[in-house]
Amino acid sequence: MTSVVKVAVAGCGTVGAALLDLLERHGEALRQRRGVRYQVTRVLVRDADRPRAVSVDRALFTDRVDHFLETPADIVVEAIGGTTAARAVAHGTLVRGRRLVTANKALLRIEGPALDALARAHRAAGATLDFEAAVGGGVPVVRLLRESLAGHGLHRIRGVLNGTTNYILSRVEQGVPFADALAAAQRAGFAEADPTRDLDGTDAADKIAVLAWLGFGVDPAALRVRATGIDASLALEARAAARRGRAVRLVATAVRIGDGVHATVAPRVVPRGHPFAQVRDEQNLIQLESESAGTLTVAGAGAGGSATASAVLADILRHGATNAAS
Ligand SMILES: NC(=O)C1=CN([C@@H]2O[C@H](COP(=O)(O)OP(=O)(O)OC[C@H]3O[C@@H](n4cnc5c(N)ncnc54)[C@H](OP(=O)(O)O)[C@@H]3O)[C@@H](O)[C@H]2O)C=CC1
Ligand SMILES: N[C@@H](CC=O)C(=O)O
């Protein structure tokens, strides 16, 4: 017997389109293996008339949030970014007792705990909140912190958390001009809609704040993250460092100090053999240091449609066919 799980997808850009493609390509295998058919019921975009390279019925596209939220759905994926329409989608989803899967670290930074509380308040009706894709792209660091490392005396989280800046840094050290490397990262879909968020360290700051929330229980909105980003002059330094056998990486850190947490994002010069120097292009690497489990390191594709959509799909599959109609 096959159950049907209705999925409404907000966003058909880099992440949303890659997710729709994954659901299309793996739909039959998922049905056979899990006995579930994931049926896309609505896609929210800014421009519903624009032609799209996804095989989804055009009639399912809408540019109205209220229309989107009225559509029957068991799971709502939020992959539009920003914090205005995304917030309306997130709240509207949870208060209806639906499962929310979001890739939006900017939204989680400002109101992750509030969304979590809303999900708990509507849990009996079926609401859940999952956001594996929000940090680390395809790297399952959110799950590691939420589940495996809960209560392990975590004391430091450190990592390369932004794929765009890492892509730029690892290209400029090979002689590619800063502007060309940035343009390539944008073409590949690694950069935020506003790439300033990548370059000035804001995106990495949002991510480390979300990890600090999960790992240390701090309010990510209240956590001050001192952030320094990268620019063309730092790229010249990265190139010079490469000639000296060193690498520059944008490293985000959150350390527990007493009852508080100290968080930073800053470029660091590391020797070639350092794990951060080995992180190339859009890859991310995160080290979680804890008393009982020692240091755990996870790494992989930190940005890009396919890797990020795979993390979204993992969240979709997470609760099995809960809420599904047979
Ligand atoms: N790209 C990546 O590698 C990663 C992205 N993320 C996060 O995933 C989310 C989506 O990113 P990404 O796919 O790259 O973004 P894109 O800019 O590629 O796509 C955004 C999509 O959302 C739609 N959209 C934007 N604003 C609105 C709105 N107000 N109302 C309705 N639809 C809207 C756009 O519509 P239209 O197509 O009509 O313009 C577009 O389809 C962001 O939160 C991002 O931070 C997380 C991890 C990795
Ligand atoms: N712009 C982000 C996308 C993934 O979170 C990045 O470059 O890491």
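Me: Which helices each supply at least two residues of the shell around ligand 2?

Reply: Keeping in mind that this is a predicted model, the helices to look at are H6 (163-172) and H9, each of which supplies at least two residues of the shell around ligand 2. That shell holds 13 residues, and those that come nearest to ligand 2 are Lys105, Gly163, Thr164, Phe190 and Asp198.

Me: Which polar backbone atoms lie 2.7 Å from an atom of ligand 2?

Reply: A polar contact is read from a pair of N or O atoms within 3.5 Å. Here a polar backbone atom of Gly163 is 2.7 Å from an oxygen atom of ligand 2, while a polar backbone atom of Phe190 is 2.7 Å from a nitrogen atom of ligand 2. A side chain takes part as well, with an N or O atom of Glu192 placed 2.7 Å from a nitrogen atom of the ligand. Of the 250 Å² of accessible area that ligand 2 has on its own, the protein covers 94%.

Me: How many nonpolar, polar and charged residues does the shell around ligand 2 have?

Reply: Sorted by class, the shell around ligand 2 has four nonpolar, four polar and five charged residues.

Me: What surrounds ligand 1?

Reply: Ligand 1 is surrounded by 24 residues, of which Cys12, Val15, Arg52, Glu192 and Gly304 are the closest. Among the polar contacts, a polar side-chain atom of Arg52 lies 2.6 Å from an oxygen atom of ligand 1, a backbone N or O atom of Gly304 lies 2.6 Å from an oxygen atom of the ligand, and a polar backbone atom of Gly13 is 3.1 Å from an oxygen atom of ligand 1. The protein covers 86% of the 900 Å² of accessible area that ligand 1 has on its own.

Me: How should I read the way in which helix H4 and helix H9 cross?

Reply: Angles under 35 degrees count as roughly parallel. The axes of H4 (residues 105-121) and H9 (residues 202-216) come within 8 Å and cross at roughly 25°, and therefore H4 is roughly parallel to H9. The crossing in which H4 passes H9 is left-handed.

Me: Is phi of Asp281 positive or negative?

Reply: Most residues other than glycine have a negative phi. Asp281, a residue other than glycine, has a positive phi near 50°. To find Asp281 in the structure, look in the loop between helix H11 (275-278) and strand E11 (283-290).

Methods:
Residues are numbered from 1 along each chain as its sequence is written. Chains are lettered from A and ligands numbered from 1 in the order in which they are written. This is a predicted model: local features need pLDDT of at least 70, side-chain atom pairs count only at pLDDT 80 or more; totals for chains, interfaces and linings use all residues. Side-chain values use heavy atoms; hydrogens and water are left out. A residue is near a molecule or strand if one of its heavy atoms lies within 4 Å of it. A polar contact is a pair of N or O atoms within 3.5 Å; within protein, one must be able to donate a hydrogen and the other to accept it, and residues adjacent in sequence count only if both atoms are side-chain atoms. Accessible areas come from the Shrake-Rupley method with a 1.4 Å probe; for residues, only the protein chains shown count as cover. Axes are lines fitted to C-alpha atoms, for helices over the stretch in contact, and angles run from 0 to 180 degrees between N-to-C directions. Helices (H or I, at least four residues) and strands (E, at least two) are DSSP runs, numbered from the N terminus. Angles under 35 degrees count as roughly parallel, over 145 as roughly antiparallel, 65 to 115 as roughly perpendicular and the rest as oblique. A crossing is left-handed if the near helix is turned anticlockwise from the far one by less than a right angle, and right-handed if clockwise. Ala, Val, Leu, Ile, Met, Phe, Trp, Tyr, Cys and Pro count as nonpolar, Asp, Glu, Lys and Arg as charged, and the others, Gly among them, as polar.
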